[in-house]
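The sequence and the model come next.

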Amino acid sequence: MNDFDRTLHPESRIVHPPVVEVNGSRPMGVPLHQSHVFAFDSSDALAAAFAGPDGGFVYNRNGNPTVRSLEQAVADLEGGTGALATSSGMGAINTVLLALLRSGDHVIAQRSLYGGTFATLADLVERWGVEVTHVGGDDPAEVTAALRPNTRLLHLETVSNPTTRVTDLPALIAAAKAAGVVTVVDNTFATPLLCRPIEHGADIVIHSATKYLGGHSDVLAGLAVFATPELHQKVWHHALELGATADPFAAWLTLRGLQTLALRVRRHCDTALDLAGRLAAHPAVTAVHYPGLPTHPDHELALRLLPEGYGGVLAFDLAGGREAARAFTESVRLASLAPSLGGVHTLVLHPASTSHRQLSDAELAAAGIGPGTVRVAVGIEHPEDLWADLEQALAKA
Ligand code: PLP
């Protein structure tokens with residue numbers, strides 16, 4: 001099988017990424033084309049290969065067969081017309097923003113964004129004269145009220161970090177669409193198996209493929225998936241000017257990880273829901289943030305938007321505050337104290353002193369992050385072993 005058969009489930013399509021044929025047979029593993037340049041017999045063919053994101057292969061910044069396999073595989077999963085693989089998730093975010101914005105433009109962005117995205121937007125404001133209005137993730141009226149004649153882009157994340165608030169994508173995207181504004185959704189936390197923002201009207205979907213798509217903590221990569229060929233062409237052109245495109249080996253590692261995405265995501269979701277329930281019943285824990293729990297403020301929305309599962313990230317608040325969080329994160333044995341998420345290993349983090357340390361106490365509180373909040377990026381280890389580890393660390397908190 002090589003052409004995508006849309007009657008098949010994503011779990012089946014994902015293990016058959018497109019592979020370039022060699023002498024009438026096909027390698028089952030996607031070959032690594034580790035060559036930065038490609039030679040031609042004809043000048044016309046060489047010139048034609050420069051044409052666009054779907055052209056022939058001439059130079060790696062323009063395109064590469066291994067990278068193209070990854071782009072087509074993820075575009076298929078997200079329901080896009082094409083994709084651009086980049087050197088990191090931040091590479092995808094910056095390429096998209098810089099390709100679509102110019103000085104004087106206005107952006108509406110969610111308040112609770114990945115820190116790197118927040119910093120990029122702040123930089124665009126300070127150095128490039130872009131205006132930004134931040135909104136919540138649940139009220140389309142807030143988007144409508146923020147619209148200006150120069151509004152060009154709405155930037156959202158499917159699930160927020162670390163408190164796992166779920167964004168009302170259909171409602172917020174509809175508000176932007178009514179005004180002709182392009183919507184970009186960072187779908188890193190959900191993966192295309194749990195949510196496909198293009199089905200809800202998004203124009204561009206971003207992934208830090210470093211996380212679930214790669215899945216093994218060994219590769220840094222990003223993707224931007226497009227709802228139209230026009231957006232693809234525009235952003236691709238800017239990517240090759242920036243030099244932000246993916247390296248073939250990074251694409252190869254991501255493709256290798258991608259083929260087990262469905263198995264891993266199922267396990268991440270099941271274990272996270274199990275641990276969230278057990279944490280909620282633990283006396284040292286005052287609150288658990290996981291959209292699969294009926295107590296979560298967005299549970300109803302999650303039932304609609306994430307019907308296949310609620311993802312592998314959860315957070316919880318420790319009664320003992322900052323000191324308890326420090327003791328907990330330094331006491332885990334099977335889990336590791338580390339940033340990042342989406343890999344096979346379970347990672348724990350204290351956002352207030354690490355990923356969100358630049359926020360004031362008031363900003364932390366506004367983001368729902370308490371001094372004792374701990375984030376757990378649940379891996380694929382056995383749930384009983386994980387619970388035993390969390391329990392022994394909780395006893396020290
Ligand atoms: N988007 C989200 C939601 C993330 O969590 C991250 C990284 O943590 C990024 C983007 C940036 O991705 P990368 O580290 O691959 O540049």
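Domain bounds come from an automatic or database domain assignment. Here that assignment gives domain 1 (10-258) and domain 2 (262-396). The model is predicted, so to speak of local features a pLDDT of at least 70 is needed, and side-chain atom pairs count only at pLDDT 80 or more, while totals for chains, interfaces and linings use all residues. Residues are numbered from 1 along each chain as its sequence is written, and side-chain values use heavy atoms, with hydrogens and water left out.

**Between the domains**

Taken over C-alpha atoms, the centres of domain 1 and domain 2 are 27 Å apart. Domain 1 puts 31 residues into the contact and domain 2 puts in 37 residues, where contact means heavy atoms within 4.5 Å. The size of an interface is often given as the accessible area lost when the parts come together. Buried area is the accessible area (1.4 Å probe) that two parts lose on being put together, summed over both. For domain 1 and domain 2 the buried area is about 2,700 Å², with 65% of it on carbon and sulfur atoms. One salt bridge is counted between the two domains; the term requires a side-chain nitrogen of Lys or Arg within 4 Å of a carboxyl oxygen of Asp or Glu. A salt bridge joins the side chains of R165 and D298, at 2.6 Å from N to O.

**Pockets**

A pocket is an open set of points, on a 1 Å grid over the protein atoms alone, where a 1.4 Å probe fits and protein lies on both sides within 12 Å along at least five of seven lines; lining residues have an atom within 4 Å of a point. Grid points are joined across faces, edges and corners, and the volume is the space filled by probe spheres set on the points.

| Largest | about 670 Å³ | R111, S112, L113, A366 and A367 |

Residue classes are nonpolar (Ala, Val, Leu, Ile, Met, Phe, Trp, Tyr, Cys and Pro), charged (Asp, Glu, Lys and Arg) and polar (the others, Gly among them). The lining of the largest pocket has 10 nonpolar, 16 polar and five charged residues. In the second largest pocket the lining has nine nonpolar, 10 polar and four charged residues.

Which domains supply the lining of the second largest pocket? At least three of its residues come from each of domain 1 and domain 2. The lining of the largest pocket likewise draws at least three residues from each of domain 1 and domain 2.
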